[in-house]
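This report covers strand pairing and helix packing. The structure comes first, then the details.

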Amino acid sequence: MAFEIPKIRYTGKIEEIVVGAGQKAVRVGGSGCYPFCRFEGEMPNPPKIAFEVWDHRPEDWQEWAIEPYRDVIHDPVAWAKKSIDVYGAEMIALQLKSADPNGMDRPVDEAVKVVQDVVNAIDVPLIVWGTANDDKDADLLRKAAEVCEGKNVAIGPLSEKNYKQIGAMAIGYGQVVMASSPIDVNLAKQLNILLGNLGVPDEKVLMDPTTGGLGYGLEYTYSVIERDRMAALTQEDVKLQRPIVCNLAHEVWKTKEARLKREDDEKMGDEVKRSVLMESVAAMTLAFAGADILIMRHPESARLVKEMIGELMK
Amino acid sequence: MALTGIQILKMLPKTNCGECKFPTCLAFAMALAAGKAELDACPHVSPEARAELSDASAPPIRQLAIGTGDYEVRIGGETVMFRHEKTFFNKPGLAILITDVMDDAEAEKRFAKLSLYQYERVGLTLRPELLALKDTGHKDRFLDLVKKACGTPYGIILMSYDAATMKAALDIAKERRPLMYAATKENYEEFGNMAKDYGAPLAVKGEDIEDAAALSGKLAGMGLKDLVIDTGQRSIREGLYDQISIRRAALLNKNKLLGFPTITFPCEMTDDPMKEVLVAASFVAKYAGIIVMSDFEGETLFPLLLQRLNIYTDPQRPMTTREGIYPVNNPDESSPVLVTCNFSLTYFIVSGEIENSRVPCWLCVMDTEGLSVMTAWAAGKFVGDLVGAFMKKCGIMEKVHHKRVIIPGYAAAILGDLEEELPGWEVLIGPREAAHLPAYLRTWKQ
C-alpha cells in the first residue's frame, strides 16, 4: 500500500491581494494550505521579497550593508532604481526613518516629497513604511496615500490609534493598508474588524504581526504567524485571512551579532556572510511560519532566500 | 492519542480491590490517563491488557539518546506539530561531516571546531554536538577517525553500510552510545543484530518514506526500539515534505513505523555552503532530529544556532536573565544607571540598544520572574519600594558617584514611590521603547 501523507483539512483561504499597478503589480497571499505544503493545497503566490530603501542616508549601517548601495545611498530614488535594475527587486519598501520624532523628526512634507519622487520613478509596487509613531504617521501616511494616487501602494503600519485617519485616506485613494498589532492574534483580528467596519475592503488589508530579529524574539513572531494561519485556514477565522508582511531587515541588522567583526571575535567568523545569513535565516524562518512579504536589506540575503523559495515552489 | 480513563477501565479487572491504593478501578484508570499513576501498581491486570496499555501510553515519537555524559544528545519525543501547541522538546543535534578521505590536518581541524564554536548567551551555551564520521571504503582510515573521535567528548555518528567495518567501529566506540548509520534493505538483518548486541541506536536509510517505514517495521520486529529515520530524499522540497509527513504520520495517524526521530543531510542537498545553512534552517523549523552539515564556520553555524535556540525556546515559560548589574560599553563611576526587568527579551533588546548607542552604561536587571516591564508593574513586581530595595542591595551605589537612575518609560508611574524609597536620588523617566534609548542616552549629561 502506497504511503499517503496525512492531509490537513483546510476550511479557509488567505485573501489574494494585489499591490502595485500595471504590468509589474504583485499578487500576494491566496494560499489554501500551510506554507509550502503544496502537496495538499494551493499556494498560488510564493512569498515576495521587498528591498528596503531608506528615505535618508542611514547613519549607523555596517560598511558591508552600505557597500551594495554606496553610490546611491544618499538618494532614495536612485537607490530604489538600483535595487530594481541591478538586484532584481520585485517590490520596494520605503522606510520613512527620517520622519521619526525620536530621530531626525523631518517635517511631514519633506518625507512625503520623497515618497512622491520614489513612487513616480519606479514601476514595481511600493510599500511605504512610516515611523510607528501613531501621531506622526496619522499625518504622514495620510499624505503619502494621497500622493500615491493610482499606484495601489501598501501603507502602514496602522495601529488602533490611527487606523481611522489613515484607513479613510487609503479607501479614498485606493491604497492597500498594513494593519499592525503587537505580536497578538486577538489584537490583529480586532484591528482587521475595525478596518472592515471603517469600510476598508478585505482585499486591501495586509497584516503586520510585529517582527522580532533572529535571537531577539523571532520565536514570538514565528508562533503568532503560525497561530494566525492555523485560525485562518482551519478554524474559519475569516478576519485573519490576510497576507502577512514582515519588516525584518532592520531588526536583524541592528543587533550586535550582525555588527561584530571577525577581528572582534574570531569564532563569529566572517561578518559579511554572518549578517547576510542572519538576515536570510530569519526571512526563511518567517516564510515557513507564513509570511507573504519579507522586507529585506542585503542583495545577497535576498538572492539566497529567493533561490530557496524557488526550490520549495518547484 | 492517549487513551481516556474509560477506555483504560475496560482493560482493568474492575474488582475494585484497592491494592493499587486507589479506592476503585475507575479512580485508578483516571489517574493512569492523567499520567499520575503507574500500571505496575495493579497486580491483577492481564498480560494482554498490560501490553496494550503500555503500547497505547508509549509516546508517539520515540525519544532516544546518542552519546554520553555532557554530550548526550536527546532527540525525538516530540508531541506537537506547532511549537505554540505546547513546545518542541529536543532540539535537533548539529553534526559536522568528517570522511575517511580527509587528511589528518583537515580531520583535526574539524574535531577542534566543536570546541571552538561555542557561544555564551546569558546563561546558555550555544554549541554543535555531533561528529558524523563517514566510511567511503578506506576502512583503516575510518577506524582511525573513530579512535580519534573517542578521544573527544562529542556525540558520534558512525556512517558505513559495511557490516564488518561497522562492527570494528562499534568495538572501538561501544562505550559512547554512537548512532549507527545506516541499515538498508541489503544489510538490515546484520545491522539490526549489531545494534542489539551493542545497545546502539540505529538509523534506517530507505529509498523513500515507504521503504524507510518498511525497514523500521522489520527492525522493530527484531526487538529494536531506538531507531532514526532517513527517507533517502535529497531534494530540498521533497525532503521537507518527508519531514512534515513523518511528523504528521506519527502524531495524527499514530503510525508506529514512522514514530521515530529523523536524520537529515543538508550536506548532500547543495554545494553552496550559504544555501546549506538555509536548508538546515528549514529542517530546524520543520522537524529534523539530526542535521548533518558539510562543515562548520563561525559565520554559518552561529545564525543556525540562534535560530535553533529561538524555535526550541519553550513558549510556555518566559525566559529569564539573572538578576544583577550588567556593565555595557565599559562604564565608569559617572556613567548612567538604568534599571529594567529580567524578561530575557527585554534584557537582550535593552542591552543591545545601549550597545548601539555606544554610551557606557550600567544596566541593573531586577528579578521580576521573567515578566516584561508593563506586566511586572501591573503585577506589583516592578514597583517603587521593590525597585528601591533592589537598587540598595544590588551594589550599584558603590559603582557610581552620582545619584541618578533611569527607569523604563512604561514604568513612569513608580517615579514618586521610588524617589521616596531612594532619598537624595533623582529618578529619570527613560523612553518607552528600547529603540529610542540611543537617542535618549546621547543627551545624558555628566
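## A parallel pair in chain A

The model is predicted. In chain A, strand β5 (residues 126–129) runs parallel to strand β6 (residues 154–158). Three bridges join β5 and β6. A:W129 has its bridge partner in β6(A), namely A:G156.

Strands of a sheet pair through backbone hydrogen bonds, and the pairing can be parallel or antiparallel.

## The eight-stranded sheet

β5 and β6 belong to an open sheet of eight strands in chain A. The order is β8-β7-β6-β5-β4-β3-β10-β9, with parallel pairing. The edges are β8 (205–208) and β9 (245–247) of chain A. Each has a single partner strand, so one side of each lacks a neighbour in the sheet. On average, neighbouring strands of this sheet are turned by 25 degrees against each other, direction ignored.

## Helices across the sheet

Two helices of chain A are described here. Helix α4 (residues 134–147) of chain A lies across β5 and β6. The angle between α4 and β6(A) is about 170 degrees.

Helix α2 (residues 76–85) of chain A lies across β3 (48–54) and β4 (91–95) of chain A. Helix α2 runs at about 155 degrees to β3(A).

Which strand of chain B pairs with β16 over four bridges? The partner is β17 (residues 426–429) of chain B, and β16 covers residues 404–407. The sense is parallel. B:I407 has B:I429 as its bridge partner in β17(B).

Conventions:
Residues are numbered from 1 along each chain as its sequence is written. Chains are lettered from A and ligands numbered from 1 in the order in which they are written. This is a predicted model: local features need pLDDT of at least 70, side-chain atom pairs count only at pLDDT 80 or more; totals for chains, interfaces and linings use all residues. Side-chain values use heavy atoms; hydrogens and water are left out. Two strands pair if DSSP finds at least two bridges between them. Axes are lines fitted to C-alpha atoms, for helices over the stretch in contact, and angles run from 0 to 180 degrees between N-to-C directions. Contact means heavy atoms within 4.5 Å.
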